[in-house]
Amino acid sequence: MTIETMRSSEVKELLEKIAGFDKAGGDERVKKIVHRLMHDIFQIIEDFDVTPEEFWSAAYYVGELGANGETGLLAPGLGMDRYLDIRQDAEDEQAGLAGGTSRTIEGPLYVAGAPISEGFARMDDGSDREAEVILIKGQVTDDKGAPIANAVVDIWHADTKGAYSFFDQSQTEYHLRRRIKTDAYGRYAAQSIMPSGYGCPPEGSTQKLLNLLGRHGRRPAHIHYFVAKPGFKHLTTQINISGDEYTFDDFAFATREELVVDAKPVEHSETAAKHGVTGPITEVEFNVVLVATDKAELHERHARRRALETTE
Ligand code: MBD
Ligand code: FE
């Protein structure tokens, strides 16, 4: 049964008043967007004959989501982050700034201000003796293959339980989070431990909605990167370790074919030895290509709320 009210002048007038169209103050863009947003919500209520019970359970769901700190977790689950990336890719294309290493989503678990070092860092605190030791390495170049020295490679990843330091208070400060400046050849390297995939909190708000969609809330094993150097477009990306059952079934839609890398167990790693790390190790190689631009606003990551990051 559809009850038609949306085309009535009463609802039209109500929407205009809601959005402050009859008031001088406020922000024009916000007014227009709120007008559209409320119109579309009303339309959904009409089209699906949403009951008051359903409406109020949805309204309080939003509050619960915020109270649980899961706003930034539901967003990628509903493809918001992926969609913003699709738009940025298209924008880059239009501006002649396409190319270089693919971007993919940041996710909600970055923490600003990780320890910074030159060329090499050890990322784990050594507390997990069962973990597979990995060597993450690579070179940062421009799109002609010229090395970029002094680029800041900001890496963060989960532990073997899929948990991130800071959000998981049982881990030490900045565990598995480091910033590494590339050497004169554009190279960076890090000793760390193999991460596990992430799973949404099973009792959380995000998983609650995913369950109603018949979806899981899992991500494959991955390593996050910010790569920045003045004069180049800031890169936000991730690598996925190949062979994970969720590599191509990520609840956050972040996987891109070209960002899937093999983890290669080696008896001896030249790079590791150079940094005083001996013995068998699993190499994870990720080379990064940055795109030059003189648009200063593209040199840094976009603003958003991030842990321990102060925004003006
Ligand atoms: C993560 O580790 C992540 O990267 C994203 C995008 C969402 C949830 C957990
Ligand atoms: Fe992550």
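Helices (H or I, at least four residues) and strands (E, at least two) are DSSP runs, numbered from the N terminus. The model is predicted, so that local features need pLDDT of at least 70 and side-chain atom pairs count only at pLDDT 80 or more, while totals for chains, interfaces and linings use all residues. Residues are numbered from 1 along each chain as its sequence is written, chains are lettered from A and ligands numbered from 1 in the order in which they are written, and side-chain values use heavy atoms, with hydrogens and water left out.

**View 1. Leu235 in strand E8.** Leu235 has its place in strand E8 and is buried, with a relative accessible area of 6% (buried means under 20%, exposed over 50%, partly exposed in between, with a 1.4 Å probe and protein chains only). Leaving aside neighbours within four places in sequence, Leu235 is in contact (heavy atoms within 4.5 Å) with Thr101, Ser102, Arg103, Tyr225, Phe226, Val227, Val288 and Leu290.

**View 2. The open sheet of 6 strands.** The strands follow the order E1-E5-E4-E7-E8-E9, with mixed pairing, where two strands pair if DSSP finds at least two bridges between them. At the edges stand strand E1 (116–118) and strand E9 (260–261), each of which pairs on one side only. Strand E7 (residues 222–228) and strand E8 (residues 235–241) pair in the antiparallel sense over 6 bridges, and in this pairing Tyr225 stands opposite Thr237 in E8.

View 3. Because Tyr164 lies in the loop between strand E4 (152–157) and strand E5 (177–181) and His224 in strand E7, the pair ties together parts that are 60 residues apart in sequence. Tyr164 and His224 are both buried.

**View 4. Ser165 in the loop between E4 and E5.** Ser165 lies in this loop and, at 1% relative accessibility, counts as buried. Not counting residues up to four places away in sequence, Ser165 touches Val111, Gln171, Thr172, Tyr174, His175 and Arg177.

**View 5. Phe55 in helix H3.** Phe55 lies in helix H3 (residues 52–67), where, at 33% relative accessibility, Phe55 counts as partly exposed.
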